[in-house]
Amino acid sequence: MWHMDVTRPPLPPAPDSALILELKTRRPPFLEGRPGCESWSVDFSPDGAWFSWSMGHGMVWVVAWPLDSEESQNGETDREDKSFSCGHPVWGLAFGPRPSKSAAAARQEHDTSKGKRLLLATGLENGVIKIWNVLTGEAVFDLHGHEGVVRDLVFPQNGSLTLVSSSRDKTLRIWDLTHEGKTVQVLSGHKDWVSSCCISSDCSMIASVGRFDRMVCLWSLRSYTFIRNLTGGPHKTFYLLASCDFSPDGALLATAAYSGSTWWIDLWDPYTAEKLTTLVDFCEIYGQNQISAIQFSPDGLHLAIVTEDRALQIWEPGKKGMVMQTKADQVSNGLCCNFHPQGGVVATGTRDGHVRFWKVPRTLPSLCHLCRSILRHSVSTHQMEPLPLPKRILEYLTYRNIPARLRTDNSSDEEEWER
């Protein structure tokens, strides 16, 4: 047996001023840099009071956020660091349940913040999902059914104990945790590994991306049926799909892919299957431009991007270039990212099992953006289009006012790009 703990060293002069803190895993030297050290997943609790990450070798660490805050020292709840030994490498994790943003859910969110109902789901390499009670640190029960690595986990934002999982066994599963993890439905249709999944904010749709089959699938969370594949027919070049995320209003679906020296992000209208725009990044070095993860900010204004050569980039959808980006670093080793629920901070996990916290720009949303977010949360594109609105307003409300193709400022000159 060997001992693993977490150090919180004083932060040296940061190469990137946006870096707030880095938590490093201390492990025996013979394990450093070897497979199994990766931090494949990070997550904040719905109220932002807890943070967890998979730190390699089957271990998950949970800490109170903000770190070393006065709140974490009071005696009302147990706010000590917790470690969960899962027995197998952890590839996905998620806090739940996740209350809706309605005022009626305020009391439920308050109870969750005290740990009374806060659970942590961990997806393991052997296909098992372990459910933990965050307050007590005890394992509640295991979910069995997947036959491959559980790559992603997500709770819907409606306060329910429904859990959606995606796996390398080519399926997604929907679980009911109120009945000790009864499998509600198995969603089949992917032809290879399912890399990532996400749920729309109105809890009507699930999106999933297949790493090798290059399918972007939409599923109904209400009827558990397949809706459509956004990517359509054959492609001219081979590429891999890495990640997906719905915008907070549910009107956009972002998907990330890469091939050779290029990565790109597509923004889709999930209701019409129309591709609205593509952000492309070219690199002069072949095979050195992999994208690992993307996530929308809580206000929907920005998209966090983790790539092989930069620890973090922040993009405002529809704009050229980046709002913020860390320095180019071919050994950034970024694997995953997650916004704090109140915004302003992004956590990223790395291939060496460490986690970094970054300060990201805060932008005051415009009145137009706030109105669109509220409207699109409950009104689909099909319902928007017949409304007697001026063309310019309708284009804004349906995100059709953005260029069809954009390039990052980091891209080298490239005349043609085909998929």
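This note goes through the model point by point, from overall confidence down to single side chains.

1. **What kind of model this is.** The model is predicted; local features are given at pLDDT of at least 70, side-chain atom pairs count only at pLDDT 80 or more, and totals for chains, interfaces and linings use all residues. Residues are numbered from 1 along each chain as its sequence is written, and side-chain values use heavy atoms, with hydrogens and water left out.

2. **Confidence.** Start with pLDDT, the predictor's confidence in each residue, from 0 to 100. Its mean over the protein is 86. A value of 70 or more is reached by 82% of the residues. Where pLDDT is low, the predicted coordinates should not be read in detail.

3. **Overall make-up.** The protein has 4 helices and 30 strands. Helices (H or I, at least four residues) and strands (E, at least two) are DSSP runs, numbered from the N terminus. Of its 419 residues, 58% count as buried. Buried means under 20% relative accessible area, exposed means over 50%, and partly exposed lies in between (1.4 Å probe, protein chains only). Now take the contacts with a separation of 6 or more: 53% of them come from residues 24 or more positions apart.

4. Two strands pair if DSSP finds at least two bridges between them.

5. Strand 16 (residues 205-210) pairs with strand 17 (residues 216-220) over 5 bridges, in the antiparallel sense. Look for Ala 207: opposite it, in strand 17, stands Leu 218. Strands of a sheet pair through backbone hydrogen bonds, either parallel or antiparallel.

6. How many salt bridges does the whole structure hold? The search finds 6. A salt bridge is a side-chain nitrogen of Lys or Arg within 4 Å of a carboxyl oxygen of Asp or Glu. Lys 130 and Asp 142 form one, at 3.2 Å from N to O. Lys 130 is in strand 9 (residues 129-133) and Asp 142 in strand 10 (residues 139-143), 12 residues apart. Lys 130 is buried at 17% relative accessible area, while Asp 142 is partly exposed at 31%. Another salt bridge joins Lys 275 to Asp 266, with the closest N and O atoms 3.9 Å apart. Lys 275 is partly exposed at 35%; Asp 266 is buried at 3%.

7. The side chains of Asp 269 and Arg 400 meet in a salt bridge of 3.1 Å, N to O. Asp 269 lies in strand 21 (residues 262-269) and Arg 400 in the loop between helix 4 (391-397) and strand 30 (405-407), so the pair ties together parts 131 residues apart in sequence. Is Asp 269 buried or exposed? Asp 269 is buried, at 0% relative accessible area. Arg 400 is partly exposed at 23%. Glu 274 joins in: Asp 269, Glu 274 and Arg 400 are linked in a network of salt bridges.

8. **Ser 243.** This residue lies in strand 19 (residues 240-246). Ser 243 is buried, at 6% relative accessibility. Its side chain reaches the backbone nitrogen of Ile 294 at 3.4 Å. Beyond its neighbours within four places in sequence, Ser 243 has contacts that include Ser 196, Val 209, Ala 254 and Ser 292.

9. **Thr 307.** Find Thr 307 in strand 24 (residues 303-307). Thr 307 is buried, with a relative accessible area of 0%. Which side chains does the side chain of Thr 307 meet in polar contacts? One is that of Asp 309, at 2.9 Å. Another is that of Gln 313, at 3.5 Å. A polar contact is a pair of N or O atoms within 3.5 Å; within protein, one must be able to donate a hydrogen and the other to accept it, and residues adjacent in sequence count only if both atoms are side-chain atoms.

Definitions and conventions: Contact = heavy atoms within 4.5 Å.
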